[in-house]
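The following note is intended for a colleague who is meeting this structure for the first time. Please read the numbered points alongside the sequence and the model.

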Amino acid sequence: MNALGFVSSFTGAALFPTRAAVAAPPVSPRRAPLRMGAGQLREIRDRISSVKNTQKITDAMRLVAAAKVRRAQDAVLRTRPFSETLQQVLGNLIKRLNTDYKDLPLLAQREANKVLLVLITGDRGLCGGYNSYVIKKAQARAAELKKNGIEVELVTIGNKGQVYFKNRDLPIRRHFVCTQAPTAEQATSISDELLAEYLAGDVDRVELVYTRFVSLIASEASVRTMLPLSPQGIESDEDEIFQLTTEDGKLGVKVETILNEEAPAFPTDMIFEQDPLQILNAILPLYFNGQILRTLQESVASELAARMSAMSSASDNAKELSKDLSLTYNRGRQAAITQEISEIVAGAMGTS
């Protein structure tokens with residue numbers, strides 16, 4: 001049995017116990033000495049060792065999550081130039097076409113009779129409320145759609161969402177694995193499946209339920225309509241890039257706000273070799289694929305930040321628990337030594 005399971009079974013409580021898990025011994029107004037047997041002292045000593053081992057594990061998991069958050073940030077930065085350029089081209093094409101783009105399948109609005117909810121969760125736990133918050137958001141959105149008489153089906157990305165909804169009344173149409181390093185190939189496989197369902201007319205709208213990254217200590221479960229695409233939503237709002245720092249040996253976060261400047265317009269005399277409508281129709285799937293990849297990266301960054309925060313709290317709780325157990329152990333040893341000295345003195349006085 002590893003240290004995590006040992007502490008969990010030994011305390012009979014949560015995996016990472018808090019200070020409340022240590023029962024304070026009854027004390028009198030004069031603070032009577034705590035009397036413990038040898039077995040009780042040995043038990044406390046074993047618990048102290050187990051809690052310290054747990055603290056080492058949670059510290060290691062926190063550092064691993066911090067390193068992966070940094071890699072997730074680097075991945076977002078690497079894909080940003082392509083995403084920004086694609087958005088500029090789309091925006092200019094839509095301006096050039098004026099209203100002629102409304103007949104494109106990905107931009108045409110239809111009456112929503114069936115909605116496909118795409119839920120992004122993690123593959124593992126030990127990340128605080130990350131998975132539960134986004135699952136509750138998906139449940140609330142599904143209930144809202146069903147109340148309006150709209151049929152709902154689910155596509156899950158990540159094992160936690162798939163396991164939760166497997167035995168519930170919300171049918172799962174498809175499941176994808178969510179890795180902690182999303183790639184363009186993974187995003188392409190997901191976007192191709194969603195585009196095929198939408199273009200075939202099997203669903204009328206595709207909505208994405210994911211966790212939007214706010215900061216290293218906060219994230220927000222959000223719902224976003226992915227299909228049909230909205231031409232007004234091509235340009236993104238101000239974005240915040242988070243950067244981890246290590247000042248004075250401590251982890252910190254530095255937030256940098258990126259202002260999206262207006263894209264330079266195409267020259268009025270630009271000649272297209274193909275019809276701009278055909279160009280736009282070919283670029284829209286690339287844009288959709290890029291948005292899927294970006295939301296995957298954002299969800300993974302939120303999960304890793306939540307895991308880092310949860311492991312930091314677990315380490316702090318283990319440290320406090322170890323301190324309280326050590327105090328209890330030392331008081332018990334002191335009481336036992338005092339009692340032995342008293343018995344020796346009493347025996348010596350009785351024989352004199």
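With which residue does Arg173 form a salt bridge?

1. Basis of the note. This is a predicted model, in which local features need pLDDT of at least 70 and side-chain atom pairs count only at pLDDT 80 or more, while totals for chains, interfaces and linings use all residues. Residues are numbered from 1 along each chain as its sequence is written, and side-chain values use heavy atoms, with hydrogens and water left out.

2. Arg173 and its partner. The partner of Arg173 is Asp202, with 3.6 Å between the closest N and O atoms; a salt bridge here is a side-chain nitrogen of Lys or Arg within 4 Å of a carboxyl oxygen of Asp or Glu. Because Arg173 lies in strand 3 and Asp202 in the loop between helix 5 and strand 4, the pair ties together parts that are 29 residues apart in sequence. Helices (H or I, at least four residues) and strands (E, at least two) are DSSP runs, numbered from the N terminus. Arg173 is partly exposed at 29% relative accessible area, as is Asp202 at 37%; buried means under 20%, exposed over 50%, and partly exposed in between (1.4 Å probe, protein chains only). Both residues belong to a salt-bridge network that also includes Lys114, Glu151, Glu153 and Glu197.

3. Five strands form an open sheet in the order 3-2-1-4-5, with mixed pairing; two strands pair if DSSP finds at least two bridges between them. Strand 3 (172-176) and strand 5 (218-227) are the edge strands, each pairing on one side only. Strand 2 (residues 151-157) is parallel to strand 3, with 4 bridges, and Ile157 has Phe176 as its bridge partner in strand 3.

4. Salt bridges within helices. The whole structure contains 14 salt bridges. One of them joins Asp59 and Arg62 at 3.9 Å, N to O. These two residues are 3 residues apart in helix 2 (residues 38-97), so about one helical turn separates them. Asp59 is partly exposed, at 25%, and Arg62 is also partly exposed, at 22%. In another salt bridge, the closest N and O atoms of Arg307 and Glu303 are 3.3 Å apart. Arg307 and Glu303 lie 4 residues apart in helix 6, about one turn, and both are buried.

5. A further residue of helix 6. Ile337 is found in helix 6, which spans residues 276-351. With a relative accessibility of 40%, Ile337 counts as partly exposed.
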